[in-house]
Amino acid sequence: MRHILLFLLIAGIISACSNASITAHDPIEKKIDSLLPLMTLEEKIGQLSLYTSDWDVTGPTMRAGYKDDIKAGKVGAIFNAYTANYTKDLQKLAVEGSRLHIPLLFGYDVIHGHRTIFPIPLGLASSWDLEAIEKSARIAATEASAEGLHWAYGPMVDIARDPRWGRIAEGAGEDTYLGCAIARVMVKGYQGEKLGQLNSVMASVKHFAAYGAALAGRDYNTVDISERTLREIYLPPYEAAVDAGAATVMTSFNEIDGVPSSGNKVLLTDILRKEWGFTGFVVSDYTSIMELIPHGFAADTASAAAEALEAGLDMDMQAGFYQAALPKLVKQGVIQEGLIDESVRRILRKKFELGLFKDPYRYSDAAREKETVMKPEFLSAAREIARKSIVLLKNGGTTGKEKPLLPLSASLKRIALIGPLADAKREMIGSWSAAGDWKKSVTLLEGIKSKISSGTQVIYARGCNINDDSTKYFAEAIQAASQADVVVLAVGESASMTGEAASRSTLDLPGVQEKLVEEIYKTGKPVAVVLMNGRPLTINWIDQHVSSILETWFLGTEGGYAIADVLFGDYNPSGKLTVTFPQSLGQVPIFYNAKNTGRPRDPNNKYTSKYLDISNEPLYPFGYGLSYTSFIYGDVVVSKKESQDQNEMTIICRVTNQGNKAGEEVVQFYVRDLVGSVTRPVKELKGFQKIKLAPGEFKEVTFTLHPNDLSFYRGDMSFGPEAGKFQIFVGPNSRDVKQADFELTEKTKAHYDFLLAGERKKNL
Ligand code: NOJ
């Protein structure tokens with residue numbers, strides 16, 4: 001009888017809610033108010049527990065019996081389960097099998113596409129095309145939500161300055177300004193107009209915080225940075241994602257200043273909720289609550305669970321520590337049940353907003369799944385975005401020394417396509433390629449074959465494996481090269497050498513690949529190297545010898561077509577690096593927005609900041625990338641309008657396409673504050689525009705300077721500008737810039753301080 005009454009009550013809550021607007025705050029709060037008192041402590045803790053299914057395992061542990069736990073109301077969310085049918089089956093266990101019928105959330109690593117795979121995030125960022133990036137996330141959300149998923153574990157917005165770290169592939173690179181811009185559009189892409197829309201999923205901005213600063217680029221390693229660096233370089237992209245409405249935040253594995261993120265109250269409560277006003281829920285990373293023990297931050301399960309919950313961590317991914325420890329901690333009075341209620345509220349609120357109480361199966365729709373997944377229009381978007389992500393690093397003639405090799409003529413008689421990545425389906429989709437089916441990816445060989453006419457022959461030779469010592473295929477490759485007019489050489493890393501737990505102690509091409517390039521070069525044939533990799537590599541020899549180099553990252557399902565489009569000139573490359581390529585691993589960490597030091601490098605003075613054996617310059621700087629046409633930059637003009645209530649500054653630079661092909665250019669705008677109460681970087685990106693110019697066409701590119709662009713955490717940690725001299729730079733990359741100077745007067749500084757006062761401190 002009691003069970004029937006309870007059922008009627010829940011049914012009442014659910015149906016009442018179905019009539020209410022799920023975006024209206026109050027009705028949802030009322031539903032939660034009615035539901036919470038019905039829940040036992042164990043059921044509440046169930047809502048805070050997230051377990052992996054056995055479909056996919058993305059961490060070191062597995063938990064048997066998760067299905068029984070779902071029926072027992074001990075699980076609030078599941079990850080690593082997808083497809084309409086499977087999520088429906090699991091949802092049934094919760095909705096029909098558990099006492100309170102509370103629906104599950106389904107999360108998954110939808111990182112750069114779901115079924116249709118887009119370039120890895122580092123590649124996507126290289127497009128500098130915010131619209132395209134947002135579209136990739138929108139398509140990913142559309143596919144994922146049709147397969148029963150409600151929650152994507154992205155975007156990863158960790159700023160990364162160390163290419164040894166395998167996860168540099170998963171983020172936007174080294175720059176904070178660009179990282180913020182990409183964080184915003186990714187959240188918009190995942191979440192669409194609002195949660196509850198059938199084709200949107202919740203975003204989970206990760207990994208909070210500063211995971212990209214792991215010492216020595218070793219995954220899961222300690223982070224030790226100043227509060228200023230944390231706030232200025234690492235935190236803004238998470239804040240940008242939160243401002244864009246990210247529904248959830250995932251903690252990071254690392255500690256900062258001795259406190260692991262999953263037990264860090266300053267991060268999870270003071271900064272995230274109090275400073276930034278985040279209202280969603282926080283999820284741990286995979287077993288990161290358990291890892292508070294080996295970190296040496298908690299002695300046992302109970303104290304780890306207590307530290308995490310008290311810090312503000314709502315949902316326990318896979319550790320099972322909340323389930324194991326919280327009931328007793330509440331009974332002992334160590335943890336107040338009210339604290340648990342707060343976390344349950346945050347999670348239930350999202351379930352309501354997603355419309356799951358109204359219809360728990362609404363996302364698990366087999367018919368929608370069938371008509372949505374890998375639609376032709378999604379594939380063509382993937383090809384379009386992949387082409388935009390390619391960076392032309394070298395093309396002979398652009399240095400004025402050689403004739404450009406690219407684009408290739410379609411009337412070549414013989415092309416030798418050589419290299420372990422030339423026909424490597426599995427590698428095309430990169431790491432964290434979610435539910436992508438690598439068998440459906442297009443290789444470079446397939447891409448090239450789709451372009452050429454019957455008069456052109458492609459001779460393919462593997463050359464070597466990605467990562468072993470064998471040179472047994474060299475002879476065949478040399479033979480292929482000797483017969484050809486031109487060689488396309490596809491080398492790089494395997495997908496599994498990048499991503500999580502994939503740090504490397506060298507940035508060289510793995511195995512014998514560089515030797516292979518040297519042998520092919522000796523044939524005297526013109527060589528275009530096509531790189532596929534998830535991090536900057538040290539490729540000095542290649543840069544000094546071969547004619548042309550294309551950085552293609554891992555481009556996703558349509559990668560082979562996209563590279564062929566660029567190789568044959570059907571698309572004029574427009575990507576720019578978002579990470580610095582060092583000359584040598586010894587320069588790492590190397591990033592463009594460094595400080596000048598007290599002894600800036602002078603090659604003629606030993607006692608200056610430099611190396612004995614190489615210059616301080618990178619091989620390719622941040623923002624760098626060439627085109628098949630050439631863009632000329634005019635002088636930079638700073639125009640100031642100062643009046644009582646208006647202190648607007650605009651920066652104008654004329655960019656002209658001087659070549660004979662239409663092309664896109666990423667015009668970049670940097671600032672330097674020459675003297676400050678604390679030292680400032682030699683350059684900081686503060687704006688960019690991707691423009692398209694026909695041959696001979698020019699454009700006056702205009703940037704408006706916002707008070708934030710000149711602001712920083714001053715000596716006393718207040719956020720704002722300081723009066724004094726500034727340099728402004730505009731250019732095609734962070735190195736080759738045109739400069740103008742201006743002075744920020746005390747009056748304008750005061751005005752900017754006034755404008756910024758009352759606003760939350762930020763540097764977006
Ligand atoms: C661990 C990774 O750090 C995180 O990025 C991912 O979302 C989770 N595993 C779930 O797979």
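**Helix packing**

In this predicted model, helices α7 and α17 cross in a left-handed sense. Helix α7 comprises residues 130-146 and helix α17 residues 376-388; they pack at an angle of about 150°, with their axes 10 Å apart. On the α7 side the contact is made by Ala132, Lys135, Ser136, Ile139, Thr142 and Glu143, and on the α17 side by Phe378, Ala381, Ile385 and Lys388. By residue class, this contact divides into 5 nonpolar, 2 polar and 3 charged residues.

Helix α7 also packs against helix α8 (residues 176-191), here at an angle of about 35° and with the axes 7 Å apart. The crossing of α7 and α8 is right-handed. Helix α7 contributes Leu130, Ile133, Glu134, Ala137, Arg138 and Ala141 to this contact, while α8 contributes Ala181, Ile182, Val185, Met186, Lys188, Gly189, Tyr190 and Gln191. The residues of the α7 and α8 contact comprise 9 nonpolar, 2 polar and 3 charged.

A further right-handed crossing is that of α20 and α21. The axes of α20 (residues 474-483) and α21 (residues 513-522) come within 9 Å and cross at roughly 35°. In this pair, Phe474, Ala477, Ile478 and Ala481 of α20 meet Lys515, Leu516, Glu519 and Ile520 of α21. The contact holds 6 nonpolar and 2 charged residues, with no polar residue.

| Helix pair | Angle | Axis separation |
|---|---|---|
| α7 and α17 | about 150° | 10 Å |
| α7 and α8 | about 35° | 7 Å |
| α20 and α21 | roughly 35° | within 9 Å |

**Sheets**

An open sheet of 6 strands runs in the order β11-β16-β15-β14-β12-β13, with mixed pairing. Its edge strands are β11 (391-395) and β13 (457-461), each of which pairs on one side only. Neighbouring strands of this sheet are turned by 15° against each other on average, direction ignored. Within the sheet, β15 (residues 527-532) and β16 (residues 548-551) pair in the parallel sense over 4 bridges. Val530 stands opposite Leu550 of β16.

Another open sheet has 4 strands in the order β20-β19-β24-β25, and its pairing is antiparallel. Strands β20 (684-693) and β25 form the edges, each pairing on one side only. The twist from one strand to the next averages 20°. Strand β19 (residues 663-673) pairs with β24 in the antiparallel sense over 6 bridges, and Phe669 stands opposite Val730 in β24. On to the next pair, 7 bridges join β24 (residues 724-731) to β25 (residues 738-744), and these strands are antiparallel. Phe729 stands opposite Gln739 in β25.

**Surroundings of Lys749**

Lys749 belongs to helix α24 (residues 746-756). Leaving aside residues up to four places away in sequence, Lys749 touches Arg714, Pro721, Glu722, Ala723 and Leu744. The C-alpha atoms of Lys749 and Gly720 are 8.3 Å apart, although the two residues are separated by 29 residues in sequence.

**Largest pocket**

The largest pocket has a volume of about 840 Å³. It is lined by 26 residues, and those closest to its centre are Phe591, Ala594, Asn616, Glu617 and Val682. The lining of the largest pocket divides into 11 nonpolar, 8 polar and 7 charged residues.

**Backbone exceptions**

Most residues other than glycine have a negative phi, and most peptide bonds are trans. The following cases concern loop residues. The peptide bond from Phe208 to Ala209 is cis, with omega near 10°; Ala209 is found in the loop between β5 (202-208) and α9 (227-234). A cis peptide bond also joins Leu406 and Pro407, with omega about -5°. Pro407 lies in the loop between β11 and β12 (414-418). Trp128, a residue other than glycine, has a positive phi near 50°. The place of Trp128 is the loop between α6 (121-126) and α7.

Technical notes. Residues are numbered from 1 along each chain as its sequence is written. This is a predicted model: local features need pLDDT of at least 70, side-chain atom pairs count only at pLDDT 80 or more; totals for chains, interfaces and linings use all residues. Side-chain values use heavy atoms; hydrogens and water are left out. Axes are lines fitted to C-alpha atoms, for helices over the stretch in contact, and angles run from 0 to 180 degrees between N-to-C directions. Helices (H or I, at least four residues) and strands (E, at least two) are DSSP runs, numbered from the N terminus. A crossing is left-handed if the near helix is turned anticlockwise from the far one by less than a right angle, and right-handed if clockwise. Contact means heavy atoms within 4.5 Å. Ala, Val, Leu, Ile, Met, Phe, Trp, Tyr, Cys and Pro count as nonpolar, Asp, Glu, Lys and Arg as charged, and the others, Gly among them, as polar. On a 1 Å grid over the protein atoms alone, a cavity is a set of points where a 1.4 Å probe fits but cannot get out, and a pocket is an open set with protein on both sides within 12 Å along at least five of seven lines; lining residues have an atom within 4 Å of a point. Grid points are joined across faces, edges and corners, and a volume is the space filled by probe spheres set on the points. Two strands pair if DSSP finds at least two bridges between them.
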